[in-house]
Structures are given as C-alpha cells and as structure tokens.
Amino acid sequence: MLRYQVGYPIPIEVLDFIMDAVRGRYLSICASKVYTQFSPDELRELNDGCKSYMQLKDPSLGQAQYFSLMEMLFYLAIYLCRDVEAQVLYNTFRDKLGEDSPRLYGMKSTLLQVNESDSAAVEFIEKLIKERLEVDTDSVSYPLLQKRLIAIQSKNHDKEWVVRQLLNLSEKFPIDPEIWWFAAQNYFEMGQFERAAFCLEEVIQLTPFNYVAFARLAEVLYYKSLRVDKSAAKTKFTLQNALNNALRSVELSEKYLKGWSLVALTSSKLDGKEKILQLAKCKLQAIANDSNPQNRVTAELILKSI
C-alpha cells in the first residue's frame, strides 16, 4: 500500500524515488567534475538547482556528500565570477572544519589563484606538500593538492606531460575517479581513443551510477568507430558498445541531453535499431520543447543531423 505524506498528494515512495534521482544527479556531476565543461547558462542552472536541493535538507544525504556538494557550489561561484559568494562559502567551510582540512587547502589555493596569481597558488601548494604532506601523507589532502598543482601547471606544458603526471598520481591513488577522468579527457584530445575509453571504464568501476561517465565513454567509442576502426565488423562492435553505454546513461538520468544525443547518433548508424532511434528522437524533441536555450539548440541540431 502506498503511503501519503500529509499535505501532499504524491505517495512518499514516489517522493523518495524523485529525491534519490535528484541526489544521484548532483553527486554524479560533483564526482565527475563535468561542470568544468559547462556553458555559463548550464553553470547557473546547476548552481540554482543544487542550492534549491540543499535547502530541502535531504535526510539521506550523508555528511561527506553534503560537504562535497557545498564544495561544488564554491567552484561554481568561482566559474560564475561570484567572488564574494565563493569567499563566504570558504569562510563557512573554515568555520565548520578548521583551517587544517583537505577541502580548505584546495579552496584556498583557488582563491589565491583568483585574487593574486597562479604563482601564489603554486607556492602555497608546494610549500604545504613539502613541509607537511610528504611526511604525513593522507589519501585526501595529497592527491587533492597534486591535482590542483597539475591543473595550474598544465598551462605551461603539453598534454603528454599532463597525462604522465596523472598516471604517476594514479599509481599512488588508483581509486581516485577524478584522476582517471582527466586522464581520459587528455587522451581524447590527443586522439588516443582506446586509452581514453580505458580511463573512463576505470571511472565507471569506481562510480557505477555516474551517468555522465557512461555518456562520455559512449562519445569516445563513437569517435573511435569513426576515426580508428578500419573493418566494418570492428566499427559495428564499437558502435554497439557505444550505444550500450549511452543507453545506460539515460537509464540513470532520463532527461540527459548528451546521453540521448549519443543514443540517436549511434543507433542511426546501426542496422535494426529503428525503434531505439525513434525513441531517442522523441526524447530529444521533448528536450527541445522544454529546456534552456542552449539545450534546445543542441537538441534541434542533433535532430536535423540524423
């Protein structure tokens, strides 16, 4: 029997399901750091949506998850050039966790980078690593700061250097999905699709409900089928694998534009997938009819191309 919450016509079981989906979406975005690729409109939408969700005080949101989402809001404020808001969030973290916190290290280095310079942030990180973390290494602070250091210094190096740093770090911290995610990103930009796919498979092993990673893997495999695979049999196999991952992405997030775009693109190139292609077209049309301007334009372009 369905239970109803007083004052609400929706069964509690349905509300719980919706809350689980919303929580999962924001945690997946947070874990994958995919928001670093978002447009300004998408950043604002994510920022407003995550704030609204946090105000609901979801009882199933763990303390560590709560701080992860708050940390994401800090970086969203940075991307949106809301420096005062970012400083307020930093101060809130500092008051709750104290200065000696891994999350605070990353935030402080970011604020130094924004308010002063890259060199000031690098100096802070290198000093902290040398004086404290090389002797008292932990599985949170050290990789977090090393990732920040690689990100800042990547501006002065090529992608091969970045990949080498990330792979060296992954040997010490193999269960950090962010390391594998950014290694995949760099491999993809270098045109090394098989290695990018391997890295994304590692991300999925570590975060099995990460719909963003499933879609990204589908995208990498789609490009591999176009640019690397030579035989028809190999191309078909890769496209089917891409389709499977795209379908898993939209299974986890039903309104995910990128996921449905990849379902449409891959199914349009495979025989016998007409029903899946038609479903994808319907979903893309629904997104085009009820979404932000950028998603609407993207959905319409995909529909015209297939």
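Start by selecting residues 274–289, which form helix 14. This helix has 16 residues and spans 22 Å from its first C-alpha to its last, close to the 22 Å expected at 1.5 Å a residue. Keep in mind that the model is predicted.

Within helix 14, pick out Leu277, Ala280, Leu284, Ile287 and Ala288, which are buried. Turn the view to look down the axis of helix 14: the buried residues fall within an arc of 100°, so they line one face of the helix. On the other side of helix 14, select Lys275 and Asn289, which are exposed.

What covers the buried face?

Next, go to the largest nonpolar core, which has 95 residues. Select Tyr35, Met54, Leu69, Met72, Phe74 and Leu284, the residues with the most contacts inside this core. Colour domain 1 (11–96) and domain 2 (209–305): both give residues to the core, so it lies between them.

Now centre on Phe74. Leaving aside its neighbours within four places in sequence, Phe74 is in contact with Ala86, Leu89, Tyr90, Met107, Thr110 and Leu111.

The last stop is helix 7 (residues 141–153), where Gln146 has its place. Is Gln146 buried or exposed? The relative accessible area of Gln146 is 16%, and buried means under 20%, so Gln146 counts as buried. To see what lies against Gln146, select Ile129 and Leu169; Gln146 is in contact with both, leaving aside its neighbours within four places in sequence.

Technical notes. Residues numbered from 1 in each chain as written. Predicted model: local features only at pLDDT ≥ 70, side-chain atom pairs only at ≥ 80, totals over all residues. Heavy atoms only, no water. Helix = DSSP H or I, 4+ residues; strand = E, 2+ residues; numbered from the N terminus. Expected span 1.5 Å × (residues − 1). Buried < 20%, exposed > 50% of the residue type's maximum accessible area, 1.4 Å probe, protein only. Arc of directions from axis to C-beta. Core = buried A, V, L, I, M, F, W, Y, C linked by side-chain atoms within 4.5 Å. Domains from an automatic or database assignment. Contact = heavy atoms within 4.5 Å.
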